[in-house]
Amino acid sequence: KSLSHISEVVEIWMVVQRKWMYLESIFIGGDIRAQLPEEAKKFDNIDKLFKKIMSETAKHPLALEACHADNRLQDLQMISIGLEKCQKSLNDYLDSKRNAFPRFFFISDDELLSILGSNECTCVQEHMIKMF
């Protein structure tokens, strides 16, 4: 039973870490933060909780202790749901930009984020071939 709990916690932990790493680069600083202030606040709360979990784990690096900490599974599940909501809001924002300028449909989300998050108009040049 203990090993199954550890497996479940580690599985969701890896999912959370992957989502967090992707969204952190978007929501920490940059223009996207200004465009989506509510999601940025939500991400800040999630970020604090995730960093708290990670610092607690660094202090007690044994898998058994880390996975059986109070409310660890519930906290990670809550973080995962919150990150999914942030991702959905980000996708809705990108879709609105694509609907405003349909040529953005020809580039990936990451490329569109690099264009929208930059203050320099020269960053569009590297994606021109894909858009036209």
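Trp 20 is buried in this predicted model, at 12% relative accessibility (buried, under 20% relative accessible area; exposed, over 50%; partly exposed, in between; 1.4 Å probe, protein chains only). The model is predicted, so local features need pLDDT of at least 70 and side-chain atom pairs count only at pLDDT 80 or more, while totals for chains, interfaces and linings use all residues. Residues are numbered from 1 along each chain as its sequence is written, and side-chain values use heavy atoms, without hydrogens and water.

The count of aromatic pairs is 3 (ring centres of Phe, Tyr and the six-membered ring of Trp within 6.5 Å; planes under 30 degrees apart are stacked, over 60 edge-to-face, the rest tilted). In one of them, the rings of Trp 20 and Phe 50 have centres 4.9 Å apart and planes at 40°, so the pair is tilted. Trp 20 lies in helix H1 (residues 2–27) and Phe 50 in helix H3, so parts 30 residues apart in sequence are tied together (helices are DSSP runs of H or I, at least four residues, numbered from the N terminus). Phe 50 is buried at 3%. Phe 27 and Phe 43 form a stacked pair, 5.5 Å centre to centre with 25° between the planes. This pair links helix H1 to helix H3 across 16 residues. Phe 27 is buried at 0% relative accessibility. Phe 43 is buried, with a relative accessible area of 0%.

Asp 47 is in helix H3 (residues 37–59). Asp 47 is buried, at 7%. Leaving aside residues up to four places away in sequence, Asp 47 touches Trp 20 and Ile 28 (contact, heavy atoms within 4.5 Å).

How values were computed:
Helix = DSSP H or I, 4+ residues; strand = E, 2+ residues; numbered from the N terminus.
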